[in-house]
Amino acid sequence: MYIYLLILVPLFVCQVQAQDVALPTDGEPNGILSLGDVLALTLARNPELSAYSYETRAREAQALQSSLLPNPELGVRTEEFGGPGEMRGFDAAETTFEVSQLIELAGKRAKRTHTARLDKELADWDYKAKRLDLFTEAAKAFTEVLAAKERAALAEQLNKLAAEVKYAVGQRVSAGKVSPLEETKADVSVAASQIELDKSKRSFDIARTKLSAFWGNSKPLFAGLKGDIFETKPHGTFEEFSAQAANNPDIARWKSELSHRRAVVALEKSKSVPDVTLSAGTKYLAGPDDTAFVVGVSIPLPIFNRNQGNISAAHAQLNKTRELTRQAEVAIQTQLVDAYKSMLSAYEQTVNLKEKIIPASQQVFDATQEGYSYGKFGYLDLLDAQRTLFEAKQQYLDLLVLYHQTHADVERLVGGNIEFETNQK
């Protein structure tokens, strides 16, 4: 299965499942991992993603808090005591016990609850965006491991070939057909290829570690990856991808952001309506040793503060959000153009290298190697043909990585899966 077809990540619900290895609930997986396995591990164990999920829970708790009624207040007040004459001591004291309740008007609680729920919805969108970001980066890291393995294999092939060339040069030197200097050059070539081989093995280990970091482990134990980096297919038109960009959570979230800002405007307007505080209680009269009921109502007078500043600020934030929505749409389209063209260019170059340049370079090298054994070509000719062949193969690998990684970027930007053409062109 093609690498890019393995990235089956729906926008809202991740339905990745392990395919080739049973993923442990704890510990490090040690089998063969597919990209689906990698994404499942990332979803279950990535620390950054877990942190975002807690933010979602916090917003949900805040929405619950916003829906609660204000608590009633219990008040105790003592009057008519501590004066001269009849007011001396507490003989004529009046003690009042009362309960007050704030009554919110203009639908403040409902509007506050609605605003908090939209705030929680924004946290959900942020979580979805972060999840897709991590899945995209994990897919790229997956590709890097596959490429690092192929680079190590290519370096090993080059090292083996350098040793074979050294042996052939040694035979010609022993026969007195070439200068011993060529054997020294062959020794240098073998040493250089060994250095490149060691470097590629270290790069492979580093790539494995970077991949396992996505599920929070710095010591990977997985045996290998299931995927073929050499598989490529042509794509549809840019217009087809552009039409899917609305699925991108970075764009879709702005609809919720606009609703949230409108809700804030409505909430701030409701605050301009003063709330009523009702109170009721009992007054104890120490002098006549009697009791009486008391009731009261208080309403703030909106003379100076009518919440006009917060209302204006909420309108300004709403207008700002409208502009940011437009900016986000333009930014996504711009990034999509860049990613799509890079992907298409990488695909065309890989096809050219695979079908033309590498076969021609291989043919030249084979002919030069055979001709060298017969004395038709010099060592420098052989070395140049060898370098040309392996540089072409290295460039091919680099372009394959670019192709698959830009493909992952395109998937991220359209917020879903890309439908590929079925016919190879």
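In this predicted model, pLDDT stays under 50 over residues 418-425. For that stretch the model has 22 contacts beyond four places in sequence. Across the protein chain the mean pLDDT is 86, and 89% of residues reach 70 or more. Residues 1-22 also have pLDDT below 50, with 65 contacts in the model beyond near neighbours in sequence. Helix α6 (residues 249-270) has the highest confidence, at a mean of 94. Confidence is lowest in helix α5 (residues 238-242), at 86.

Strand β5 (residues 276-285) pairs with two strands. Ten bridges, running antiparallel, join β5 to strand β3 (residues 94-103). Within this pairing, L102 has T277 of β5 as its bridge partner. Strand β6 (residues 290-298) is also antiparallel to β5, with nine bridges between them. There, L285 is bridged to D290 of β6.

Helix α3 (residues 108-174) contains 67 residues. Its end C-alpha atoms are 98 Å apart. At 1.5 Å a residue the helix should span 99 Å, so the two values agree. After α3 comes G176, with a positive phi near 75°.

E182 is found in helix α4 (residues 180-212). Its relative accessible area is 18%, so E182 is buried, the cut-off being under 20%. Beyond its neighbours within four places in sequence, E182 is in contact with V169, Y372 and Y379. V169 is 13 residues from E182 in sequence, and their C-alpha atoms are 6.9 Å apart. The two tyrosines that E182 contacts are both buried: Y372 has a relative accessibility of 1%, and Y379 has 3%.

The count of aromatic pairs comes to six. One aromatic cluster is formed by F238, F241 and Y340.

Charged side chains also lie over aromatic rings. R253 lies over the face of W254, 5.3 Å from the ring centre. The charged end of K393 sits over the ring of F390, at 5.4 Å from its centre.

Notes
Residues are numbered from 1 along each chain as its sequence is written. This is a predicted model: local features need pLDDT of at least 70, side-chain atom pairs count only at pLDDT 80 or more; totals for chains, interfaces and linings use all residues. Side-chain values use heavy atoms; hydrogens and water are left out. Two strands pair if DSSP finds at least two bridges between them. Helices (H or I, at least four residues) and strands (E, at least two) are DSSP runs, numbered from the N terminus. Buried means under 20% relative accessible area, exposed over 50%, partly exposed in between (1.4 Å probe, protein chains only). Contact means heavy atoms within 4.5 Å. The expected span of a helix is 1.5 Å times one less than its number of residues. pLDDT is the predictor's confidence in each residue, from 0 to 100. Rings of Phe, Tyr and Trp (its six-membered ring) pair if their centres lie within 6.5 Å; planes under 30 degrees apart count as stacked, over 60 as edge-to-face and the rest as tilted. A charge sits over a ring if NZ of Lys or CZ of Arg is within 6 Å of the ring centre and within 35 degrees of the ring normal.
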